[in-house]
Amino acid sequence: FTFASTWASFISSLGDEEKNDSRFIVSANMSESDRQLYFSDYVIELQNAEDEKRRRIRDARRRAEKAQRDAYREKLREFAKLGSIIPSTHWRSVEDKIASDPCYEPVLAQGRDVPMEIFNDFVDDWNEQYRRDRSTLSRLWESSKKEIKLDESTGVDFSKKLLDYSANSPDIYADIRRMSNNEPLSSIMLFFNELKANAGVNSANKRSSLLND
């Protein structure tokens, strides 16, 4: 019998030989109530064992699902480092790319919207951090751009130049050092890419204006 057995179902499952077993029949040493009490105690033991088994299964499943979500987040960080994702990226624009990675399906199995929800949390948190950092970087850039030539810099050069420029201001210097180590992609690199993109657009507009003249 199992943890779900009742006394009636147990008795009905026994054959004649089992029912007449001297260890089981009602006697001077064991009453009917004793038999049912022993049965109930054993069923409780089975129920406790089943509960523990189910708890272990649930815990193992939770650990496996957490590992799958962690692997998915790590893949998002890899995409971000490659520039495939930035803080303003929308799910629909990268869904196919992300869905082609092996880490996607296990997370999808946890719920149809789970991959999108994790992605949205990822970019929302990143965007919030970048917006705070961008305010500091914009002020620093406005005061330093006469000394720092954007077209002569790489992202790494730009970061070093900002550090050098802010060396006399301990609070800003500490902020720049922190930003240079941000994950998945430093706020300084994001800001640098944004400046380069804007400079490219402005340059193209100037060329177009000259041609039209």
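Residues are numbered from 1 along each chain as its sequence is written. Because the model is predicted, local features need pLDDT of at least 70, side-chain atom pairs count only at pLDDT 80 or more, totals for chains, interfaces and linings use all residues, and side-chain values use heavy atoms, with hydrogens and water left out.

Begin by colouring the chain by pLDDT, the predictor's confidence in each residue, from 0 to 100. The mean for the chain is 85, and 92% of its residues reach 70 or more. Select helix α5 (residues 104–108), where confidence is highest at a mean of 97, and then helix α9 (residues 187–212), where it is lowest at 66. Within residues 201–211 the pLDDT is below 50, and this stretch has zero contacts in the model beyond near neighbours in sequence; contact means heavy atoms within 4.5 Å. Helices here are DSSP runs (H or I, at least four residues), numbered from the N terminus.

Next, select helix α3 (residues 32–81) together with helix α6 (residues 114–144), whose axes come within 11 Å and cross at roughly 50 degrees. That angle makes α3 oblique to α6, since angles under 35 degrees count as roughly parallel, over 145 as roughly antiparallel, 65 to 115 as roughly perpendicular and the rest as oblique. The axes are lines fitted to C-alpha atoms, for helices over the stretch in contact, and angles run from 0 to 180 degrees between N-to-C directions.

To see where the two helices meet, show the side chains of Arg69, Tyr72, Arg73, Leu76, Arg77 and Ala80 in α3, and of Pro115, Met116, Ile118, Phe119, Phe122 and Trp126 in α6.

Stay on helix α6 and pick Thr136, which is buried, with a relative accessible area of 14%; buried means under 20%, exposed over 50% and partly exposed in between (1.4 Å probe, protein chains only). Leaving aside residues up to four places away in sequence, Thr136 touches Asp175 and Met179.

Then move to Arg92 in helix α4 (residues 91–99), an exposed residue with a relative accessible area of 63%. Its C-alpha atom is separated by 9.1 Å from that of Met116, 24 residues apart along the chain.

Finish back in helix α9 by selecting Ala199, which counts as partly exposed at 35% relative accessibility. From Ala199 to Leu150 the C-alpha distance is 8.9 Å, although the two are 49 residues apart in sequence.
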